[in-house]
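Please open the structure in the viewer and keep the selection panel at hand.

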Amino acid sequence: MYDNLENYLREVHHFLPLKGSDEILSELRSHILERTEDAYGVIDEESLGKAIEDYGSPQRVAEKYLEGCHVISPGFRRHLFLYTGMLFVLHTALTITAWFFGTDMLILPFFYVPRFSGVQSLFYLPMALIYDFGLTAFVLYLVTQNKGEARLPWPRFWKGADKPSPPPKPGRAGLLSLLIGFGVVAAVFFIFRTVFFATIDLKDPQPLFDPRASLYFSLILLAVFGSEAAAYTVRLFHNSHSVILVKNGVILILLWLAWNYPFEITVHGPEEVDVLGFATAGLVAWTVLAAWAFLKRLTLSWREGSSLVRESE
Amino acid sequence: MDPEFGHFESEMNRGFLQLFVLGMLDSPTYGYRMLKTCEGLGYRVEENTLYPLLRRLERMELIQGEWNVTGGRPRKFYVITPLGRDVRVRLLDIRRAQNKILEKLEQGNREEDGHV
């Protein structure tokens, strides 16, 4: 064991996050020992020190093994800055809104802006920029490590954006089933004043919540069904992403109302089941999906709008 | 050496070295001996370029490595695989074709200079 050599190999190992790095180091050890003996006729700390110096810095040696192993593909360099910029614009808009209305803001699952004063928001924004950069870098890192070829969206801000494919064509059968579903839910609501039940006994159904909560949440659910049916009907005549975007926006507002119910809820369900816990978990999942659907449709509508502007020019 | 020229040289060497290594491994040999062979042929190869290359070629299954203790020292011996031989033949064809193209280009340039 030679301290010089082992310290050097430890430093190379530090820069070498590869499987099989122990074997690389063994080969390096063997090579340096042989080279030292060949060049200086003796292996000791002094001669090893000279041989190690000739071999190069540990970082440079490790980097030679890492050629082609990118943390983020060089092809995504522009994406890193553009996506960070877009996120930061969104983050800044949320911060200003939160400050203006004196409330906290949330876009699931990534954004949370707490309530704060104007001065505090100035301190918050640099941190938001670092967060946005980190989040973008993390996503691009995952895409790069996945090794597949990915064509990430590249918004061109009204000029030259690709026209997206239209949404799936709505059919009359789809509309009919949606209307029947809506009719059934509406009929249940008008008969029982709720669509949430603790039992499924048709003769004597027990509502899950107290009357006020039953009415509130049932109306929200009916409104969701109504928006789905209305959007579907409009799409029969004008099938575009913007129609779905408006519908998704309405659903997000309805979900916001569901989260911000202005009363205490009394649950009549079985005691051994945590009904509110399940309902909250379901609502979180639904909100995440609705937020994702809204953002996706926002991008598609944007591309749709930009291509229409281009065609009219 | 002019640093910019050094960059061109290392770019050219990169492809050549792969072919050269594949050409040296018909019988098992290890890194240090390969470097000595290169030096004997008048071709200088940096040690910290050769070993990462050997690792890449091994990962691509063009060569195969095996540890052996000879002269009291553990050494990793490499030998070309059948897949490596196929690749070597194809790379040699490419290299020959490139050389012919360069010769034609040079000849064309010389003739042009002669006319001027």
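Leaving aside its neighbours within four places in sequence, with which residues is V12(A) in contact? Select V12(A) and display L25(A), L28(A), P58(A), V61(A) and A62(A), which are its contacts (contact means heavy atoms within 4.5 Å).

The model is predicted: local features need pLDDT of at least 70 and side-chain atom pairs pLDDT 80 or more, whereas totals for chains, interfaces and linings use all residues. Residues are numbered from 1 along each chain as its sequence is written, chains are lettered from A and ligands numbered from 1 in the order in which they are written, and side-chain values use heavy atoms, without hydrogens and water.

**The cores**

Next, select Y8(A), V12(A), L28(A), I32(A), V21(B), L25(B) and L54(B); of the 41 residues in the largest nonpolar core, these touch the most other members. Such a core is a set of buried Ala, Val, Leu, Ile, Met, Phe, Trp, Tyr and Cys residues joined through side-chain atoms within 4.5 Å. Buried means under 20% relative accessible area, exposed over 50% and partly exposed in between, with a 1.4 Å probe and protein chains only.

Colour the elements that each supply at least two residues of this core: they include α1 (3-14) and α2 (21-40) of chain A, and α1 (3-24) and β3 (73-80) of chain B. Helices (H or I, at least four residues) and strands (E, at least two) are DSSP runs, numbered from the N terminus. A second, separate core has 15 residues, among them I220(A), V224(A), L254(A) and V275(A).

Display chain B as a cartoon and trace four helices and three strands, in the order α-β-α-α-β-β-α from the N terminus. Of its 116 residues, 31% count as buried.

**The contact between the chains**

Now show both chains: 21 residues from chain A and 19 residues from chain B take part in the contact. The area buried between them is about 2,000 Å², of which carbon and sulfur atoms give 42%; buried area is the accessible area (1.4 Å probe) that two parts lose on being put together, summed over both. Select E27(A), H31(A) and E34(A), which lose the most area in chain A to chain B, together 30% of what that side buries.

Seven salt bridges are found across this interface, a salt bridge being a side-chain nitrogen of Lys or Arg within 4 Å of a carboxyl oxygen of Asp or Glu. Finally, select E23(A) and K76(B), whose side chains meet in a salt bridge (3.0 Å, N to O).
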